[in-house]
Amino acid sequence: MKKSNNDWLIKVYFTKSNNLITSKSRMTIIGRKVLDAAIMNVRETYDEYGNPIIKADIDGQELKKFIGRDYNSIYDTVKSLIKPKSQKGADALKPSLLDWKVIIADDDRQQIIGINVITLAKYTNGKLSIVFNNALKQNLIGLKKNYTMLNRDIISKFSSNYSYQLYQIFKKTIDKELSRLKEDGIDNGNNPFELIFDIIDLKVQLGVIEASENDILYKAIMNNNVCTYEEVIRIDDDELVERLTESRNFRRYAVEKAKKEINEISDIKRDYKPIYGGKGGKTVGFKFCIQYKEIEKEKEEKEPAEV
């Protein structure tokens, strides 16, 4: 891994399991950054009783630099993630670091496993300690496949939760497709990749909606399937259906904002088109076109200049 030019404890480049990238959670962007900071510093060690554990220790000031909360106490920030308050106007608590789960399904083998990612989170003496579930060892230690290389300096700049999550999904997709094409001896040239999301699945991926609030959604997500627009509109709850299928505000505050941030901050260029269907031609999904900016630059260099 390339080392940072400053004294950050967090490495510049790090590997992240694709299972963790695609795990579905309502976690805030600060919570996502804390998780990634822990992944960057994860190691195998032993607890006070000599039991093997997977642990990360992060200096509070270094974490503060990464998450970009200079105006706030790092203790208060971590405390709000470990002991969240009730959401304004709602009985439900905000997501906690200890709530984070990963669902790994293998339908061919008829195997499914649900894993709590973090078993202990402790902040003391200006340092955050995270202990991961040992069941996730193959997703944290010595990754050989099914991972994505991420640049700390890029992801630390995102301010939108949607940008943060979508960027990692896009990068995973591009890298996976480029690797597959390379193995097949295919030169992708300068062609962007397409990634299609049903609006319901995208909302769940980005934590806009909680899958467990409806049986149809929950079963779909637990089985790693897409819960489609057409399935959702059959739910006998008009208010829930409206919230799940609403697209104007979702497009404006999530999809458009993520497009702007990703294009400005990252090494990826993305565009999208809504997919229309159903009664009245409502938005039922989105088709994203994604590619590395370097690929675009190479294309410009290869094309002859206009005279």
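**Surface, salt bridges and selected residues in a predicted model**

Q: What share of the accessible surface of the protein belongs to carbon and sulfur atoms?
A: In this predicted model, the accessible surface of the protein comes to about 17,500 Å². The part of that surface that belongs to carbon and sulfur atoms is 46%.

Q: What percentage of the residues in the protein is buried?
A: The protein has 307 residues, and its secondary structure comes to 12 helices and 11 strands. Among contacts between residues at least 6 apart in sequence, 63% join residues at least 24 apart. Buried residues make up a share of 45%.

Q: Is Phe286 buried or exposed?
A: Phe286 lies in strand β11, which covers residues 282–292. Leaving aside neighbours within four places in sequence, Phe286 is in contact with a set of residues including Leu195, Phe197, Phe250, Val255 and Tyr272. Pro274 is also among these contacts, and the C-alpha atoms of Phe286 and Pro274, although 12 residues apart along the chain, are separated by 4.5 Å. Because the relative accessibility of Phe286 is 0%, this residue counts as buried.

Q: In which helix and in which strand do Asp36 and Lys16 lie?
A: Side chains of opposite charge can pair when their charged atoms come close. The side chains of Asp36 and Lys16 meet in a salt bridge with an N to O distance of 2.8 Å. This pair links distant parts of the chain, 20 residues apart, with Asp36 in helix α2 (residues 29–40) and Lys16 in strand β1 (residues 13–17). Asp36 and Lys16 are both buried, and the elements that hold them are helix α2 and strand β1.

Q: Which residues are linked with Arg43 in a network of salt bridges?
A: Arg43 forms a salt bridge with Asp57, the closest N and O atoms being 3.1 Å apart. Since Arg43 lies in strand β2 (residues 43–46) and Asp57 in strand β3 (residues 52–59), the pair ties together parts that are 14 residues apart in sequence. Arg43 counts as partly exposed at 35% relative accessibility, whereas Asp57, at 18%, counts as buried. The residues linked with Arg43 in the network are Lys55 and Asp57.

Q: How many residues apart in sequence are the parts that Lys137 and Glu44 tie together?
A: The side chains of Lys137 and Glu44 meet in a salt bridge at 2.9 Å, N to O. Lys137 lies in the loop between β7 and β8 and Glu44 in strand β2, so the parts that this pair ties together are separated in sequence by 93 residues.

Q: What is the phi of Asn125 near?
A: Asn125 has its place in the loop between β6 and β7 and counts as exposed at 79% relative accessibility. Its phi is a positive value in a residue other than glycine, near 50°.

Definitions and conventions. Residues numbered from 1 in each chain as written. Predicted model: local features only at pLDDT ≥ 70, side-chain atom pairs only at ≥ 80, totals over all residues. Heavy atoms only, no water. Helix = DSSP H or I, 4+ residues; strand = E, 2+ residues; numbered from the N terminus. Buried < 20%, exposed > 50% of the residue type's maximum accessible area, 1.4 Å probe, protein only. Contact = heavy atoms within 4.5 Å. Areas by Shrake-Rupley, 256 points an atom, 1.4 Å probe, with all protein chains shown as cover. Salt bridge = Lys/Arg side-chain N within 4 Å of Asp/Glu carboxyl O.
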